[in-house]
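Q: I would like a close look at one part of this protein. Please keep to what can be computed from the model.

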Amino acid sequence: MSQPTSIAEWLTSVGMPEYATRFAENDIDVSVLGHLTDRDLKELGVSLGHRRKLLATIAELPAASGARPMATAPAARDDAQRRHLSIMFCDLVGSTALSTRLDVEDLRAVVAAYHQCCAETIEREGGFIAKYMGDGVLAYFGYPQASEHDAERAVRAGLALVEAVPSLETPAEAPLEVRVGIATGLVVVGDLLGTGAAQEQAVVGETPNLAARLQALAEPGAVVIASGTRDLTGGLFEYRDLGTVALKGFDRDMRAWQVLGGDAAESRFEALRAASTPLVGRDDETSLLLSRWEQAKAGEGRVVLLSGEAGVGKSRMTQVLLERSAQEPHARLRYFCSPHHQDSALHPLIAQLNHAAGIRRTDTDGERLAKLEDVIAEATDRIAETAPLLADLLGIPIGDRYPPLDLTPGARKAKTLEAPLTLVEGLAARRPVLMIFEDAHWSDPTTRALLDILVDRLAALRVLLVVTFRPEFGPAWRDRAHVDLLGLGRLAPDQCVAIISHLTGGRVLPGEIAGQILDRTDGVPLFVEELTKTVLESGLGQEGRQRLYRDRPDWADGDSGDAARLSARPSRSDAGDARSCPTGRSARPAILLRAGRRRRGTAAGGAGALAGATRKRRTDLPARRAARRRIHFQARAGAGRRLRHDPARQAPAVAWAHRGGA
């Protein structure tokens, strides 16, 4: 099919011009066709049959139409790689019983629907389908392309599968169920086994076997993960600790957790970092934030745009503001954009409302609606007007409690955007409101439209809105009179030394090691913290680099997937200077520590840091947090390869209208 020039033309060509108005009212153009899902089309009011036809037609469009590339295998080759992967095994429950009671044609249809659901779900989360094994599916996360979010994506895909598969319409005439096992660790991947259609990119190592055993351990409809995965996902999910379990083929008991649900933590920053170092070098920025908060409390609404590259301390700054205001009566609203939901309209608002109301997957529709009404009642008396709109946004049926929403798509969108603004205005009339909106560079278009309205309206409200983002994001509101643009730069060497000193408890590291930490982290505080922790956990600061390389070669060598987005591993001879290495400054901490000469850092502070922050060479380095944990995992190979971890715990729901000091 040729590339369409407009939505109306395309819909006419496929015989469905009646939907042109609905697509236009929802701002759907040719560039987003490839991102549409069955759920999106259903929300537009497209019938089931037409949805299937449209999705099939979209799949045939040229790449220029915006179709997202699927994770595909690399060109066939026989050079295996040492990689760090999260591996998923998914198994269809009761497939043997199905085969005994279904006709073979019907059984084929059931398995095909199941495989298609697995493929769509796994690929949507960035996974790679390695093999279909009858009723089983093997998938890799971190191959062929690595990401710092691989373990998280694997778990999200598992949760999505156990929810999506039972809703499939199949000849089985009963809901299907799956069980999922996920493990993370070192493997060798890329060996070509078999020929022709049977050829596959095989993995070798303990990890795939562990994932398979955990899958067998899981109850129907459950996702069970290993220690390596649990450590990397931190507090992002709710877990049930299964303790240590004996698994066939393993000479030691393994720790396992069942994942109960997602978004357990309100903040990704808090979920992935158990503790923080004291804030260093941000006195002026902190003073500005506190000053704007005082103005907001006095009735002069303010907006602070907090810009900085990855790891420079944007989330840490908002955390300090929250801590300083904790004892003051106020309402607190926190929104978080996600790299996994950039195509999901109003995802930050939906996640915030669900978290604030304490809505759980196991709640009934009535319980979910009642919880939402309680949250709305804290902000406004206009419950009957607001609840149906927000319930519709959260996918909560309203039954006969409210009149049905009989609105055109355009009117529905306008009223839906107005509903959260009604809540903000109602809260601000009762008490000052502190709003934190993090990672706006990952926001969806509808969320940005909501921010456009909010920024203009809050000038007359008792509201401080802090929006954090990376320099590549260009907010349209920077020129408003009540808006401040605050750029966070990198730290000066003496400020980095203060962080190192805190982490070492005042103990002085060898000069060469400390110098290389300063050199290779280049003033980015998160990387100073992570690399220093790597040194301390490895014993490098105490025992010396030569002993480390002699006794722990796997720590030094790591693997080609240690740092996210690494596609090749440099040789030892090439690691002398990270700046001459093909992976540049994205190299894993072990290579960074082995790098050559020391270079003095320079300070980049204040608003002038916005220019310097456009340097892209470090935007992917948050992966070092995951790389540090993986390196620690390898370094403890002699201790059973178990990761350090905190006891699993469930994070309680946090009220969106938090009353500090109450």
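Which residues line the second largest cavity, and how is the sheet beside these elements arranged?

A: This is a predicted model, in which local features need pLDDT of at least 70 and side-chain atom pairs count only at pLDDT 80 or more, while totals for chains, interfaces and linings use all residues. Residues are numbered from 1 along each chain as its sequence is written, and side-chain values use heavy atoms, with hydrogens and water left out.

The second largest cavity is lined by Tyr335, Pro348, Leu349, Pro420, Leu421, Val424, Met435, Phe437, Thr447, Leu450, Leu451 and Leu454. A cavity here is a set of points on a 1 Å grid over the protein atoms alone where a 1.4 Å probe fits but cannot get out, and lining residues have an atom within 4 Å of a point. The volume is about 120 Å³, taken as the space filled by probe spheres set on the points, which are joined across faces, edges and corners. A search of the whole structure finds four cavities of 30 Å³ or more.

Two or more lining residues come from each of helix H13 (347-357), helix H16 (409-430), strand E11 (433-438) and helix H17 (445-457). Helices (H or I, at least four residues) and strands (E, at least two) are DSSP runs, numbered from the N terminus. H17 gives the most, with four residues. By type, the lining has 11 nonpolar residues, one polar and no charged; Ala, Val, Leu, Ile, Met, Phe, Trp, Tyr, Cys and Pro count as nonpolar, Asp, Glu, Lys and Arg as charged, and the others, Gly among them, as polar.

E11 also belongs to an open sheet of five strands, ordered E10-E11-E12-E9-E13 with parallel pairing. Two strands pair if DSSP finds at least two bridges between them. E10 (331-336) and E13 (483-487) are at the edges with a single partner strand each, so one side of each has no neighbour in the sheet. From one strand to the next the twist averages 15°. E9 (302-307) and E12 (463-469) pair over six bridges, and Ser307 stands opposite Phe469 in E12.

Helix H12 (314-324) packs on this sheet, touching E9, E10, E11 and E12, and makes about 165° with the direction of E11. Contact means heavy atoms within 4.5 Å; axes are lines fitted to C-alpha atoms, for helices over the stretch in contact, and angles run from 0 to 180 degrees between N-to-C directions. Nine of the 11 residues of H12 are buried, including Arg316 and Met317. Buried means under 20% relative accessible area (1.4 Å probe, protein chains only).

Conventions. 1 Å grid on protein atoms, 1.4 Å probe; cavity = no way out; pocket = protein on both sides within 12 Å on 5 of 7 lines; lining within 4 Å. Buried < 20%, exposed > 50% of the residue type's maximum accessible area, 1.4 Å probe, protein only.
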